[in-house]
Amino acid sequence: MSDHVGQKAQASKSSVRTPAEIEDRPPFLGFGLGLRSQHYQDIIDGNPAIDWLEVLSENYMVPGGRPLAMLDRIVERYPCVMHGVSLSIASTAPFDEEYLDGLNTLAKRVQPKWISDHLCWTGVHGVNLHDLLPIPYTREALDHVVSRVHYVQERLGRQLCLENVSTYVQFNQSEMPEWEFISELTRRTGCWLLFDVNNVFVSAFNHGYDAFAFLNGIPANRVIQFHLAGHSDMGNYIVDTHDHPVREEVWALYKAALKRFGPVSTMIERDDDIPPLAEMLDELQHARTLAADVLEPKKGAPALAGSTTIA
Amino acid sequence: MLLPWPDPLRLPKRGIDMTLVAPFQEASLKLKDFQDRFQRAILKGDDEILGHIPDGPRETKQNLLGVYRDAYVLRLIEVLGTDHEQLRAYLGEKAFNDMARVYIASQPSQHPNARWFSRGVPNFLKASEPYSRHPIVGELASLEKALNDVFDGADAPVVHLSDLAAFAPQDWGKLTFVPHPTAMLLDTHTNVAAIWTALKEEREPPSATTRKEPTRLLVWRHEMMPMFREMSVEEAMMWEEAAKGSRFDNLCELIAFYDDAEGAPARAAGYLKGWLEAGLLSKVVSPA
């Protein structure tokens with residue numbers, strides 16, 4: 001584990017946290033990757049420098065066979081978190097109870113450090129559009145999502161972690177910016193936040209707002225995970241495709257996120273044009289180096305001095 | 001006092017000006033209605049939701065909504081292509097995509113896991129023109145679905161040939177067998193096995209032929225790998241009977257009726273040995 005950066009930094013932050021936060025905040029895991037079937041064998045045969053892995057929940061909500069057999073071997077060796085795409089937390093359709101049962105069953109197997117999904121909806125009327133769809137940021141929607149998060153947290157017996165999604169449209173009836181909606185959501189439910197740096201970049205570009213306004217609008221003490229990923233620039237808009245390496249502009253925003261949020265478990269997502277594991281490890285090493293630059297104490301200065309704000 | 005309804009035309013075209021939006025909140029679309037319309041926009045091409053979307057700073061709202069519309073179809077075409085790799089190779093990219101679009105339009109996904117979206121493809125192809133006129137297309141999809149299903153089907157113990165040593169030879173007649181839960185028989189009326197194999201090996205597939213009598217394909221999982229092979233009529237008969245819980249001596253009698261009676265026990269023992277070697281049985285049960 002390359003967590004020396006985190007241990008030092010967490011120690012320096014502990015003086016400004018409440019005892020409750022120290023108790024329930026999930027641990028800093030270091031630098032991880034999304035587990036992809038293309039890399040199973042390399043991970044099992046080798047001992048790659050990955051601190052932790054993010055497991056896509058739905059890929060393992062199957063009866064048995066190779067996916068679960070590989071998963072069992074990998075969770076024995078690496079700390080894992082579960083990341084889903086079908087919770088549909090913001091949907092106005094009733095929850096799929098079978099899906100929640102499936103999450104619980106998988107969690108028993110994986111013993112994840114946390115379970116995350118997205119602040120979005122995926123369909124209504126029994127349909128799943130298999131996309132992370134946007135919502136209007138209204139007080140009505142906030143009340144609705146708050147009640148749903150409470151329900152899921154009760155059902156899973158743990159705090160949920162929710163991710164901001166990339167969006168391509170906004171809605172006239174929104175009554176607050178996305179970051180305010182997210183801040184209120186975490187304040188009212190105690191859910192943790194997965195801050196997807198690329199998604200902030202994509203949405204900020206598509207809607208013409210300042211990514212730093214988003215960054216600074218999120219309470220610093222609720223973010224427990226970062227996502228980094230590549231996107232496709234279509235000229236007038238950007239699509240969150242996860243099929244490229246992380247872009248320079250996103251690395252820059254990541255550095256700013258590290259300054260604001262401190263050491264947060266970081267992982268790189270790749271879902272298409274998946275390169276060999278070695279290439280992903282190089283990219284992950286870049287994240288480590290950037291984080292060390294931002295978080296390591298400079299000569300004569302305490303760790304993170306002046307760089308982290310606890311909201 | 002009457003509250004003014006929000007007029008989308010009066011709202012800013014670029015970005016959101018909260019001071020303009022906030023006074024009209026009472027009349028804003030309820031989340032449920034909003035999601036109904038957004039989903040209709042994606043599934044049916046309905047444009048009503050556009051009245052609630054501002055243009056982006058650089059792109060029209062029509063094109064931005066189009067990102068969701070396109071992504072929906074393209075993502076599901078990709079799912080279908082992954083699950084039906086050989087069908088895609090057989091039909092060719094364009095014909096496969098055309099088929100996929102009709103399938104996607106005809107039955108939206110109803111499962112939280114996209115893994116299950118393609119399950120209806122074989123029946124869709126067998127029931128829909130023009131595919132139904134070409135039985136090979138539906139049978140190729142059926143074989144791929146069976147292989148997908150056994151790939152991540154339920155786990156169960158596997159009995160090995162050496163495990164039979166635990167039973168005294170005089171007790172063999174009483175033994176019953178439990179098939180591995182992934183094992184399934186597929187009845188086919190085309191040369192689908194030969195065509196699938198050629199496609200898998202990236203060879204030119206043979207011409208499709210049809211037969212009146214079914215060819216029985218056994219599909220199962222062995223050491224994490226999906227497998228299939230042809231099963232003779234006699235062996236398939238014994239397999240189906242064994243799966244119902246018939247004792248080994250009854251299985252021998254069954255195939256004695258089918259063919260040479262004298263050689264039946266040896267043939268039955270041969271089939272059993274094959275099943276054990278291929279990991280097809282989960283349990284061998286002795287009544288006492």
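Which residues does Leu193(A) touch, not counting residues up to four places away in sequence? They are Cys161(A), Leu162(A), Ile182(A), Thr186(A), Ile218(A), Arg222(A), Val223(A) and Ile224(A), where contact means that C-beta atoms, placed from the backbone, lie within 7 Å. This is a predicted model, in which local features need pLDDT of at least 70 and side-chain atom pairs count only at pLDDT 80 or more, while totals for chains, interfaces and linings use all residues. Residues are numbered from 1 along each chain as its sequence is written, and chains are lettered from A in the order in which they are written.

**Helix packing in chain A**
- Helix 8 (residues 197-207) of chain A packs against helix 10 (residues 248-261) of chain A at an angle of about 115 degrees, with their axes 9 Å apart; the axes are lines fitted to C-alpha atoms over the stretch in contact, and angles run from 0 to 180 degrees between N-to-C directions.
- Val197(A), Asn198(A), Val200(A) and Phe201(A) of helix 8 of chain A make this contact with residues of helix 10 of chain A, including Leu253(A) and Tyr254(A).

**Contact between chains**
- Chain A contributes 44 residues to the contact and chain B contributes 50 residues.
- Helix 4 (66-77), helix 6 (139-156) and helix 8 of chain A each supply at least two residues of the side of chain A that touches chain B.

Methods. Helix = DSSP H or I, 4+ residues; strand = E, 2+ residues; numbered from the N terminus. Contact = placed C-beta atoms within 7 Å.
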